[in-house]
Amino acid sequence: MDPEAIISYQFPEAEFTYTERDVAYYALGVGACSGDAVDKKELKYVYHENGQSHIKVLPTFATLFNPGAIRNFMSIPSMEFDPRLLLHGQQYIEIYSPLPANACIQNKSVVAGLHDKGKAAVIEVDTTSYDRESGKALCLNRLTVYLRGAGGFSKSSPPYSCSKYPSDQIKPALLYRLSGDYNPLHSDPMVAEVAGFSRPILHGLCTLGFAVRAIIKCVCNGEPTRVKSILGRFLLHVYPGETLITEMWVEDSRVLYKTKVKERNKTVLSGYVGIHPPTASLWVAEFNASVPSEISPHSSLSLSLRFLKLELVTEMAINNEQAQVISCSKEVGVIVEAKEAQITTGPSEEEAADKIISDTVLSFPSHAILDLLSIGVCTRCIFRLFGVRGQIYSSSLLSPTIFAPLIQKSNGSDDEHSKGPPQESEFCSICLGILQFSFSKEKQNLVKSELINNVSEEIARFIKQEGHEIDSFSLEVSIPIILANERSVWLYLKKKYGSELWFEDKFHAEHVTVKDAFKLAITSSLETLLTAKSEISSSSRIRLNYTHSKASLNLESFVETDQNCKRRKTGMRIYLDETEKIHQVYEDSVENADGANVKRGAECSEQSNGETDAAIQRSLSRLQDYAFCERFKSPPEKVKEPCKLEIICNRAPIYIGGRYLKYSRNVSQSRWLIDDERKGEASVEEIIGGNILPICRGNNYKFHAAGREDIDVRMLGSGRPFLVEIQNARHVPSEVSIGEMEEKINSLREKLVRVRNLQVLGSEGWTLMREGETEKQKQYAALVWISRPLEDEDLQTITSLMDMSILQKTPVRVLHRRSPLDREKIIHWMKIERIVGSQQYLLLHLCTEAGTYIKEFVHGDLGRTYPNLGSILKCRAEILQLDVTDVKMDCFN
């Protein structure tokens, strides 16, 4: 990279034409009028309000004037970087004149700055946009881009750093987060997946548009022409659908702001807006950005923005010194004191939830509720059985006390001391206490509480003790089979209340499952405690295994009878996992010829491991109601002990990829033991994997490579591609950690192995290494002895052979572990290098198809490889040493 050539480069001028239609689409894209279609402060962006000749233009629309800015980097001479590692770090905008609603823009771009940051380069490009018709300068866009892997180009100390803009301007702070807003990730799910995201991320310029629009509305009374300049630093990615909270502070003629993701409580954007002084000192606005899944992966930025939606939760305006609420939604009231900047709210979320729960409870039949409580059914299971859905299960208000008004109404008394509902059983007869958040741990200590946080805190404590670092998780729950319990309760109520109208109307056969209700109850508090988002596609899985010995034994008895299984089984445990599969662990006891019991681990032949919950349901459904009641008690017995809880946290494998070089002829690729005796002084696998595993804090590792060399063969040149698969890594190393990891391996005293181009990969690492592996070519250098003096004619003969086919039978030396096959291989080219002072020793350089046995090609392997070097030279040939000098594959270069 030539910094002087880059800093002096002049981009070709470019034009950008837009109309009012594009301006209106952009405004809608960053949420204008989404909360109120006739919003007085925002209608001007999409409609000719009050006879105005043109619609107003948001100042951040200027970010679209040069859509090819990042692509133009590819045209800069000597600019070498991987586009996939490009990060849009910052955007600075100066508004010279109000933006017209229709215009043809003339863009003039120059490189404004270049900085060497070691492992990365930072480049700044200034684009000044002019109205082509009038020649008037409209605005300046300064794009700051972080190019990972492109640093280290300085030829002197200190590292190269050049800025061409005036020193009195605010120089961008060149500090970025590597999990930021990558340019190709905003619309293509495949690119997002490769980069480690579960779905495309929101464009950073869109987040900037949301933030600036909020400032214009809240501080500038909806007037965009009051904006002078804008600076935005992109700190972290945003997923479409997350809630953005923008906080603003007034400082002289600027509004300082930062935008956070509410769900993760992370700041994703910060900066300032140069503006006329506002009258308030603090404002808070909440937004919900959601991108429909039908957006084309190939949409341009402007098209993608058209589908963004903004939901305004609260809107505020200044009226002299006193702020007034101008519109509200979701029953949230806001009062803001301009002088003291204090915010108070109306009804809390808990009060609103209490009202919803109270209204729901009053619709229940009081006598049936009392009955359900008396037979040991918990509050959440009652809500489930009555078909209640939604986030209500996460409310801490769900306890037997909520039924008091219902019972008082039934008794016709307002006296709070009148007969109330009985106390809830310690452990629910349906869910076995799971929805009461009761459980026992391995040491039999009971955790019994109505508080959801007890389970969440137990999970969070376990994850922190285990040292897991996660930013998202998927929650899996395995519970004992409770289908019989639910049917027992249903039949009990049907017998007593089947003739009453409410039974068919409210008591639903299809209801929220225990697992779903549990997830609804616990997920939010777990997200808060772990500061991580729940995502189905997350690579970190938290699994909760609930088991209950008595419930399993009851089901075992039913299954045994139903299937006529005559073998006696002991110690059987059956539970339901996330994929609805039935697992059985038990021992068979059979009688031998002498009548003695012989125990052996086995599975009942009539019931396979893969039997699903649906199969159990079918078994139960085959029973008539009277037969079911004969086999199962109705109502079910009260439960006297809780489930045992086992917590497991596991991350999907991560892959550390790169290339290795091996300098020793006594190091195998993998650990090599014969009759418990080690062969070689070390292995590539142990040297690399043994140093990577402790840094990732994984359980274990597996080593994978694109082919292998013999223990006595060196691996030189660019190295051989490899992957280290880390199982259940507690820590995913950063780029800095990867660099330290590479340095640690390469600085080992023995210098047996060296690695290069280490990088963290997801499952795509397999694809990178396996693509084209069978077609890859390898180059070798072999020290060869021949039985006669080498002649000039031999050199010409060998050099003339191109793409020569040979036939190789499985070598004698590997017949004990390889199938006897005939393999046709290609020798692409060969050349001989003489060794000074010797007539019978030579260096053979050759390029072959992958999988060619080079040693056998040289000496012929008793005629099993033909033609071979000996047959071509018509003499005996022996190989003395062999090196791999290149593995031609397009990965980890």
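Predicted model: local features only at pLDDT ≥ 70, side-chain atom pairs only at ≥ 80, totals over all residues.
1. Some ground rules. Local features need pLDDT of at least 70 and side-chain atom pairs 80 or more, while totals for chains, interfaces and linings use all residues. Numbering starts from 1 along each chain as its sequence is written, and side-chain values use heavy atoms, with hydrogens and water left out.

2. The big picture: the protein has 22 helices and 39 strands (DSSP runs, H or I of at least four residues for helices, E of at least two for strands, numbered from the N terminus). Of its 893 residues, 51% count as buried (under 20% relative accessible area; exposed is over 50%, partly exposed in between, with a 1.4 Å probe and protein chains only).

3. On to salt bridges (a side-chain nitrogen of Lys or Arg within 4 Å of a carboxyl oxygen of Asp or Glu): the structure holds 30. One of them joins Arg-730 and Glu-466 at 3.1 Å, N to O. Arg-730 sits in the loop between strand S32 and helix H18, and Glu-466 in helix H10, so the pair ties together parts 264 residues apart in sequence. Arg-730 is buried at 11%, whereas Glu-466 is partly exposed at 34%.

4. Arg-720 and Glu-709 also pair up, at 2.8 Å, N to O. Arg-720 belongs to strand S32, and Glu-709 to the loop between strands S31 and S32, eleven residues apart. Arg-720 is buried, with 1% relative accessibility, and Glu-709 is buried too, with 4%.

5. Finally, have a look at the salt-bridge network that links Asp-710, Asp-712, Arg-813, Lys-855 and Glu-856.
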